[in-house]
Amino acid sequence: MAKEDGKGKLTAPLAVLNKYKYVLLVAAVAGLFLGARGYLSLRPPEDYADKGVMTFTASTCYPTTVKSTTSRGRQRSRTVYIVTYKAAGSGYSWTQEAPSKTAGQKAVKEKRQVERRVLSIPAENKYITVEPRHTPESYVQESRARAFLFLLPSAGYLTLCAVWLIWKRRATEDALLEV
């Protein structure tokens with residue numbers, strides 16, 4: 001249980017929560033937004049046409065620059081290597097980030113093969129590739145679960161904040177009525 005140190009400051013766990021409450025609140029709102037956006041952007045399984053599992057062969061490796069933010073909030077650019085895999089005779093391709101330039105070039109040189117399931121989106125003339133174990137139904141189900149990983153903890157934290165605010169307001173009103 002948290003105690004005051006005599007100067008009105010909370011000690012232990014509540015002090016930590018009190019210190020970071022605004023950061024946690026912003027993170028919860030962001031998580032709620034990202035989770036809701038991810039969930040709502042998912043298509044129903046019926047929108048996908050399963051084109052089956054295909055074998056993709058590494059064909060090219062190329063560098064690209066990505067921007068990232070450091071823990072101190074600074075923007076920095078770094079070079080990553082992308083390996084393009086192509087399915088013979090179908091026109092489908094898939095890209096994957098290589099751990100290093102050497103690893104990417106080695107995958108291309110060895111003509112490394114990967115099996116991926118192709119899910120077509122006929123309404124938009126697009127496609128995605130997923131792990132071979134997925135069907136359109138299991139892909140959508142797993143994607144929804146991933147969106148809930150953002151959504152539920154954020155919603156839970158925001159609900160606790162709302163309950164705490166209501167409790168605090170009622171306690172203040174009760175104190176004013178007693179006077």
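How many aromatic pairs does a search of the whole structure find? The search finds four aromatic pairs, where rings of Phe, Tyr and Trp (its six-membered ring) pair if their centres lie within 6.5 Å, and where planes under 30 degrees apart count as stacked, over 60 as edge-to-face and the rest as tilted. The model is predicted, and local features therefore need pLDDT of at least 70, side-chain atom pairs count only at pLDDT 80 or more, and totals for chains, interfaces and linings use all residues. Residues are numbered from 1 along each chain as its sequence is written, and side-chain values use heavy atoms, with hydrogens and water left out.

The protein chain contains four helices and five strands, taken as DSSP runs (H or I, at least four residues, for helices; E, at least two, for strands) and numbered from the N terminus. Along the sequence, these elements follow the pattern α-α-β-β-β-α-β-β-α. Of the 179 residues of the protein chain, 21% count as buried, with buried meaning under 20% relative accessible area, exposed over 50% and partly exposed in between (1.4 Å probe, protein chains only). The protein chain exposes about 13,300 Å², of which carbon and sulfur atoms supply 57%; accessible areas come from the Shrake-Rupley method with a 1.4 Å probe, and for residues only the protein chains shown count as cover. Among the contacts with a separation of 6 or more, 56% are made by residues 24 or more positions apart, a contact being defined by heavy atoms within 4.5 Å.

The largest nonpolar core has 11 residues, namely Met54, Phe56, Ala58, Val83, Tyr85, Ala87, Tyr92, Trp94, Ala98, Ala107 and Val118; such a core is a set of buried Ala, Val, Leu, Ile, Met, Phe, Trp, Tyr and Cys residues joined through side-chain atoms within 4.5 Å. At least two residues of this core are supplied by each of β1 (49-69), β2 (75-87) and β3 (93-98). A second, separate core consists of six residues, including Tyr48, Leu119, Val130 and Val140. Within the largest core, Met54 touches Ala87, Ser90, Tyr92, Val114, Glu115, Arg116 and Val118, when residues up to four places away in sequence are not counted.

A pair of aromatic rings is described by the distance of the centres and the angle of the planes. Tyr85 and Trp94 form a tilted pair, with 5.2 Å from centre to centre and 40° between the planes, and both of these residues are buried. The rings of Tyr92 and Tyr127 have their centres 4.7 Å apart and their planes at 70°, so this pair is edge-to-face. It links distant parts of the chain, given that Tyr92 lies in the loop between β2 and β3 and Tyr127 in strand β5 (residues 126-130), 35 residues apart. Tyr92 is buried, at a relative accessible area of 16%, whereas Tyr127, at 30%, is partly exposed.

The count of salt bridges comes to seven, a salt bridge being a side-chain nitrogen of Lys or Arg within 4 Å of a carboxyl oxygen of Asp or Glu. One of them joins the side chains of Arg43 and Glu124 at 2.6 Å, N to O. This pair also links distant parts of the chain, with Arg43 in the loop between α2 and β1 and Glu124 in the loop between β4 (113-121) and β5, 81 residues apart. Arg43 is partly exposed, with a relative accessible area of 23%, and Glu124 likewise counts as partly exposed, at 40%.

Glu142 takes part in a salt bridge with Arg133, in which the closest N and O atoms are 3.4 Å apart, and in another with Arg146, in which the corresponding distance is 3.5 Å. Because Arg146 and Glu142 are four residues apart in helix α4, they are separated by about one helical turn. Salt bridges that share partners join Glu131, Arg133, Glu142 and Arg146 into one network.

Phe148 is found in helix α4 and, at 32% relative accessibility, counts as partly exposed.
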